[in-house]
Amino acid sequence: MEFESHTPGTPSDPDTPRTPLRHRHNSTVHQVLQLIQSDDLDSKIQAAREIRRLTKTSQRSRRQLSAAVHPLVAMLCSSSLLCNEAALLALLNLAVKDEKNKISIVDAGALEPIIRFLQSESSTLQEYATAALLTLSASAINKPIISASGVIPILVGILRDGSLQAKADAVMALYNLSTHLNNLSIILEAKPIPPLVNLLKTCKQSSKTAEKCSALIESLVEFDEGRTALTAEDGGVLAVVEVLESGSLQSREHALGALLTMCQIDRCKYREPILREGVIPGLLELTVQGTPNSQSKAQLLLQLLRDSPYRRTETQADTLESIVCNIISQIDGDEQSEKAKKMLAEMVQVSMEQSLRHLQQRALVCTPSDLPISSCTTKFL
């Protein structure tokens, strides 16, 4: 059976029968559901490809074709690679933004073949399986089931050795699973820090991949093993600092959170490794241009990075400027010190401009009732 595109009739072609668009769509859905149940393998593959097309952008089609979940999952057990790929892609589209379908796919037994595909020699099949697992792991109902399947070490393996696309999907799937109870410990056991750092070094720092890498690292450094692994990895702290400097807004917050966590837990141990990688310019920028949350965290980290976070003299106010000057005086390397000084000057300039704008705005909205009443005006009241 062939699926054909139908062109609606136009006013200039009165003899063309006019079939309502919805009726044609419903008829196609009915035909596809019949075909996916057939015994002919080629027909099943054709139906799976049509399901993928219909559900690519249509939430209504995902609902209407939910009955195809069980036959599609059965196709995952076929020895035909074409059959596996067609079924995986159809299931992937059925699951996107549809919680019921996500749960139905796992309930129908899709995890076992998907995990097998994750370890396939076919990079294409591995990529499709990783994308499918990423989508399925977004469901809170599925997370404990997926976690119990033993897939986490396999995902870390893909993070280490998979294709670039598979790595990107693997890190997002791991992030989804990391939000479930006790999964961070399981992820840590699989030693994810080295591949996470490598992925941070190679992906665009403004990408979603960098954001999820940074988010995972932020969670993992709450554990001693995570902090030790990050500082032991060549360029590990530097990769986080670079995201803090040039990542997306969300990535920068995660990177800042990771460094702040490390310093708060053991300032003496992690202050020097963080300072050594030139974190000051990025922190200064965040104190001015970051979100309110980033600004307060950046200032707190700057305080922890100074020579003594508790020292305060009567003659030197504990201002952000004095904190940064204290840090700059200890930085090795002229280039890094000059960059930090330049950032500090810009920060002070921006702060002054913001204060001036604030005063101007207050002056514009000021009303006579806001002004003090002089002795002259009282005569007219």
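**Entry 1: the whole chain**

I began by noting that this is a predicted model. I then looked up the secondary structure and found 22 helices and zero strands. Of the 381 residues, 48% count as buried. I also checked how far along the chain the contacts reach. Among contacts with a separation of 6 or more, 67% are between residues 24 or more positions apart.

**Entry 2: the largest core**

Which residues have the most contacts inside the largest nonpolar core? I found Leu 72 and Leu 259, in a core of 96 residues. Helix H5, residues 81-95, gives the most to this core, with eight residues. I jotted a general reminder here: in soluble globular proteins, nonpolar side chains tend to be buried together.

Leaving out residues up to four places away in sequence, Leu 259 touches Val 237, Val 240, Val 241, Leu 244, Ile 274, Val 279 and Leu 301.

**Entry 3: helix H17**

At 1.5 Å a residue, its 17 residues should span 24 Å, and the end C-alpha atoms are 24 Å apart, which agrees. I then looked up burial: 13 of the 17 residues of H17 are buried, so this helix is largely enclosed by the rest of the structure.

Buried in H2 are Ser 43, Lys 44, Ile 45, Ala 47, Ala 48, Glu 50, Ile 51 and Leu 54.

Is Thr 28 buried or exposed? Its relative accessible area is 18%, and buried means under 20%, so Thr 28 is buried.

**Entry 4: H10 against H11**

How do helix H10, residues 152-161, and helix H11, residues 164-178, meet? Their axes come within 8 Å and cross at roughly 145°. The crossing is left-handed. By class, I noted eleven nonpolar, no polar and three charged residues in this contact. The H10 side includes Ile 152, Leu 155 and Arg 160, and the H11 side includes Ala 166, Lys 167 and Leu 177.

**Entry 5: Thr 209**

Thr 209 is in helix H14, residues 208-220. I looked up its accessibility and found 11%, which counts as buried. Beyond its neighbours within four places in sequence, Thr 209 is in contact with Ala 168, Val 171, Met 172, Leu 199 and Cys 203.

**Entry 6: two loop residues**

Last, I looked at backbone angles. Asn 182 is not a glycine, yet it has a positive phi of about 70°. Asn 182 lies in the loop between H11 and helix H12, and at 54% relative accessibility it counts as exposed.

Lys 191 has a positive phi too, of about 55°, and is not a glycine either. I found Lys 191 in the loop between H12 and helix H13. Its relative accessibility is 59%, so Lys 191 counts as exposed.

Technical notes
Residues numbered from 1 in each chain as written. Predicted model: local features only at pLDDT ≥ 70, side-chain atom pairs only at ≥ 80, totals over all residues. Heavy atoms only, no water. Core = buried A, V, L, I, M, F, W, Y, C linked by side-chain atoms within 4.5 Å. Buried < 20%, exposed > 50% of the residue type's maximum accessible area, 1.4 Å probe, protein only. Helix = DSSP H or I, 4+ residues; strand = E, 2+ residues; numbered from the N terminus. Contact = heavy atoms within 4.5 Å. Axes fitted to C-alpha atoms, helices over the stretch in contact; angles between N-to-C directions. Left-handed = near helix turned anticlockwise from the far one by under 90°. Nonpolar A, V, L, I, M, F, W, Y, C, P; charged D, E, K, R; others polar. Expected span 1.5 Å × (residues − 1).
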